[in-house]
Amino acid sequence: MNEPLLSSSAEPEAAPQKKAHVIVLGNEKGGSGKTTSGMHLIVSLLRLGFSVGSMDIDSRQRSLSRYLENRRQTSLKENVPLPQPQHVVVQRSPFGVVAEAEADERERFSKALGRIMAANDFIVIDSPGSDTHLSRLAHAHADTVITPINDSFVDLDVLATVDGQTMKIVKPSIYSEMVWEQKLARAKRDGGSIEWIVMRNRLSNIDAKNKRFMTQATAELSRRIGFRVAPGFSERVIFREMFLQGLTVLDIMEAGNSGGMSLSHVAARQEVRDLLRTLRIPLLDERIKLRSESEEKKEPVKEDAAKEVDR
Ligand SMILES: Nc1ncnc2c1ncn2[C@@H]1O[C@H](COP(=O)(O)OP(=O)(O)OP(=O)(O)O)[C@@H](O)[C@H]1O
Ligand SMILES: [Mg+2]
């Protein structure tokens with residue numbers, strides 16, 4: 001059991017009528033891989049045949065929105081059918097008074113979520129790398145929160161302050177406290193629970209010592225703070241190189257071009273699938289199993305693919 005390190009003062013929010021499973025990519029640190037993971041989740045869910053709604057609440061950067069616009073353009077220009085999510089952007093409130101701005105944002109968020117909730121199996125929300133009211137609202141409505149962290153000691157502090165000598169947790173971070181508060185708010189609001197998953201991102205095989213330390217530290221933190229650890233994504237060119245085309249490795253592979261795929265591409269797809277499996281959503285597990293069985297019949301599994309990294 002996790003120690004009750006954290007207590008709640010968060011107000012429960014009014015929830016729109018529920019249907020889709022809501023996944024929020026969150027981490028108050030910038031550049032940890034929220035948008036990259038979000039893009040890959042969206043495309044993999046679409047490619048598995050699910051209907052997906054997506055929401056961009058990072059209205060300053062709008063990276064997810066730009067990616068999806070690039071995807072639409074590629075589909076039009078190249079005349080290739082590419083599955084698309086139903087996308088909405090929620091802007092920050094222009095009001096200067098905090099209470100008014102928060103009420104305005106609550107309304108904007110609920111309306112946008114309501115628009116995509118009923119028609120989709122999954123909703124994927126990309127949040128900014130900072131603490132905003134919209135980000136807190138998104139976390140409060142999540143069924144699953146995924147927090148990508150760069151695989152370095154520096155990024156551990158988004159979860160907790162850790163004593164470098166003893167490896168003991170000094171205190172949970174503000175972000176961990178926020179997730180905890182939203183968990184309690186969610187339970188109070190509708191009896192639901194938020195599953196929190198931390199995924200290490202940009203894993204490299206070069207620094208084995210760092211990798212070992214991070215494995216140990218995240219395992220310890222997961223017990224104390226209450227999240228599960230996902231296997232994560234390696235550092236791979238394929239995870240970033242097709243942003244301007246709005247494509248992912250899953251598009252290329254599923255479009256039947258798998259002949260030209262490298263082992264690293266196969267491994268990248270496997271990492272995305274492993275992330276999906278870590279979510280432990282029965283509907284999703286069933287679909288992945290069916291898909292894997294039919295793929296195995298078509299192409300034999302390459303044993304060493306998962307170990308392959310970009311050079
Ligand atoms: N596994 C990976 N392999 C290679 N490059 C990656 C990987 N994950 C992320 N990147 C790259 O790292 C940079 C930051 O990633 P991303 O934009 O997804 O982070 P973010 O958390 O959304 O950032 P922000 O907080 O600014 O919104 C991008 O250039 C992205 O292409
Ligand atoms: Mg981003």
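**Helix contacts and a ligand shell in close-up**

**View 1. Helix H3 (residues 98-117) packs against helix H4 (residues 133-140) at an angle of about 45 degrees, with the two axes 10 Å apart.** The model is predicted: local features need pLDDT of at least 70 and side-chain atom pairs count only at pLDDT 80 or more, while totals for chains, interfaces and linings use all residues. Residues are numbered from 1 along each chain as its sequence is written, and chains are lettered from A and ligands numbered from 1 in the order in which they are written. Helices (H or I, at least four residues) and strands (E, at least two) are DSSP runs, numbered from the N terminus. Axes are lines fitted to C-alpha atoms, for helices over the stretch in contact, and angles run from 0 to 180 degrees between N-to-C directions. H3 and H4 are therefore oblique to each other; angles under 35 degrees count as roughly parallel, over 145 as roughly antiparallel, 65 to 115 as roughly perpendicular and the rest as oblique. Glu 102, Glu 105, Arg 106 and Phe 109 of H3 meet His 133, Leu 134 and Leu 137 of H4; two residues are in contact if their C-beta atoms, placed from the backbone, lie within 7 Å. The residues of this contact divide into three nonpolar, one polar and three charged. Ala, Val, Leu, Ile, Met, Phe, Trp, Tyr, Cys and Pro count as nonpolar, Asp, Glu, Lys and Arg as charged, and the others, Gly among them, as polar.

**View 2. H4 also packs against helix H6 (residues 174-190), at an angle of about 50 degrees and with axes 8 Å apart.** H4 and H6 are therefore oblique to each other, and their crossing is right-handed. On H4, the contact is made by Arg 136, His 139 and Ala 140; on H6, by Met 178, Val 179, Gln 182, Ala 185 and Arg 186. By class, there are four nonpolar, two polar and two charged residues.

**View 3. The axes of helix H1 (residues 34-47) and helix H2 (residues 63-78) come within 10 Å and cross at roughly 40 degrees.** That makes H1 oblique to H2. The crossing of H1 and H2 is right-handed. Thr 35, Gly 38 and Met 39 in H1 meet Ser 63, Leu 64 and Tyr 67 in H2. Three residues of this contact are nonpolar, three are polar and none is charged.

**View 4. Ligand 1 is surrounded by 19 residues.** The closest are Lys 34, Thr 35, Thr 36, Gly 129 and Arg 240; a residue is near a molecule or strand if its C-beta atom, placed from the backbone, lies within 6 Å of it. H1 gives the largest share of the shell, three residues. The shell divides into three nonpolar, 10 polar and six charged residues.

How values were computed: A crossing is left-handed if the near helix is turned anticlockwise from the far one by less than a right angle, and right-handed if clockwise.
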